[in-house]
Amino acid sequence: MAEDLKITPWGVSGNVQDKDYDKIANEFGAKIIDERLLKRIKDVTGDLHPFLLNGIFYAHRDLDLVLDDYGKGKPFYLYTGRGPSGEMHLGHILPFMFTKWLQDKFNAELIIQITDDEKYLFREIEDRDLKEFTHNNIIDILSLGFNPDKTHILIDSEHSGILYNNAIKVARNITASSVKAVFGLKDSDNIGKFFFTSIQAVPAFILSYLKNENIRCLIPYGIDQDPHFKLARDVLPKLGYYKPSAIISKFIPSLQGSGKMSSSDPNSVISLNDSRNTVRKKLMKYAFSGGRDTAEEQRKYGANPDIDFSFNIFRIMEDNQSKVSSIYESYKSGEMLSGEMKSIAAEKISEFLDILRSRREDVENNLDAYMFDEKKFN
Ligand code: TRP
């Protein structure tokens, strides 16, 4: 990995460039999703989500095993999560869209762990703030339209009984020295951090535990979460469970085109409550453009869509691939100008945000239907 690049679940330092991702996956020991695997997925799903077509979800661990089992009629379940630290932005919500796609295509049960204890341990955040963020984050996620019969929100502070009783089984099999090695924790770090990975490992076997029968788990996550699951894969077989499988994503880039979309820089994010006008203004003002400096040069030489924020966000949000290709061509050839590209992306984003907002109230009134409940699995 590049010297200045450091990726752990609680921070990314240095600028992750697209070329670094393969190296990161290799160093972590994950595999790249190749054409063969894409084809295997497509054979089941019928089409490929733009996140797969565009290499956003680009690496995996034992995805083949999940597909093997599925092909034999054995179901698997999905598990993903969110550690509330503030309001969610576009970069946070997009990966959940992909999880929803997987859930729909494979008709899978899904556990969403809300680690409302995580940022308390890892950042200077007070309890009170977390309650409100947690509530809002859950509604934001569910507004994507998850199926209430198959989606189970597991909240650390509320479902602490089952979590704790299983976390200690994991904790007994992890030493302080391996946590230090995998996460770079030090003796001066608080001991809650050392324990935390055991809490995050539990949902990776919770259905097998409840059903008393092994069922594979596939976890979609951003590459920064990999250290947790690397450890979980060592431990779970010792408890009699399968190693969890993973499908792993790159970060959603910031408006400026490099680095990840991060709340610490408000100019780098599209927030979920940004109005149409604000989305438009942010893109016009801050979105990194692969276009030329003047309209004249642009007409003459064309743009580089591959490094253009607006094009890139558009292509991962648009299902219609022939539309994406034709926009690519006309932007690249100089027929389309940067301003038009930005308008197209702004429109796509706003449409999506409008849909989320239109569903919030219903979701909020129906929250109980989505809450994790052991009894549903017995
Ligand atoms: N640690 C994650 C975060 O900081 C939240 C999380 C918990 C998670 N379990 C997960 C993310 C499983 C992906 C997959 O947001």
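This is a predicted model: local features need pLDDT of at least 70, side-chain atom pairs count only at pLDDT 80 or more; totals for chains, interfaces and linings use all residues.
**Stop 1: the ligand shell**

Select the ligand and the residues around it. There are 15 of them, and Tyr79, Gly83, Glu118, Gln200 and Gln225 come nearest. Colour the shell by class: five residues are nonpolar, seven polar and three charged.

**Stop 2**

Show the side chain of Glu118. One of its N or O atoms is 2.9 Å from a nitrogen atom of the ligand. Move to Gln200, where a side-chain N or O atom lies 3.0 Å from a ligand nitrogen. Now pick Lys119. A polar atom of its side chain is 3.0 Å from an oxygen atom of the ligand.

**Stop 3: elements around the ligand**

Switch to cartoon. Select strand E5 (76–82), helix H6 (118–122) and strand E8 (216–222); each gives the shell at least two residues. E5 supplies the largest share, with four residues.

**Stop 4: the second largest pocket**

Next, highlight helices H3 (50–53), H5 (90–106), H15 (309–317) and H17 (338–365), which each give two or more residues to the lining. H17 gives the most, six. By class, the lining has eleven nonpolar, two polar and eight charged residues.

Finally, colour by domain. Domain 1 (6–256) and domain 2 (266–361) each provide at least three residues of this pocket's lining.

Key. Residues are numbered from 1 along each chain as its sequence is written. Side-chain values use heavy atoms; hydrogens and water are left out. A residue is near a molecule or strand if one of its heavy atoms lies within 4 Å of it. A polar contact is a pair of N or O atoms within 3.5 Å; within protein, one must be able to donate a hydrogen and the other to accept it, and residues adjacent in sequence count only if both atoms are side-chain atoms. Ala, Val, Leu, Ile, Met, Phe, Trp, Tyr, Cys and Pro count as nonpolar, Asp, Glu, Lys and Arg as charged, and the others, Gly among them, as polar. Domain bounds come from an automatic or database domain assignment.
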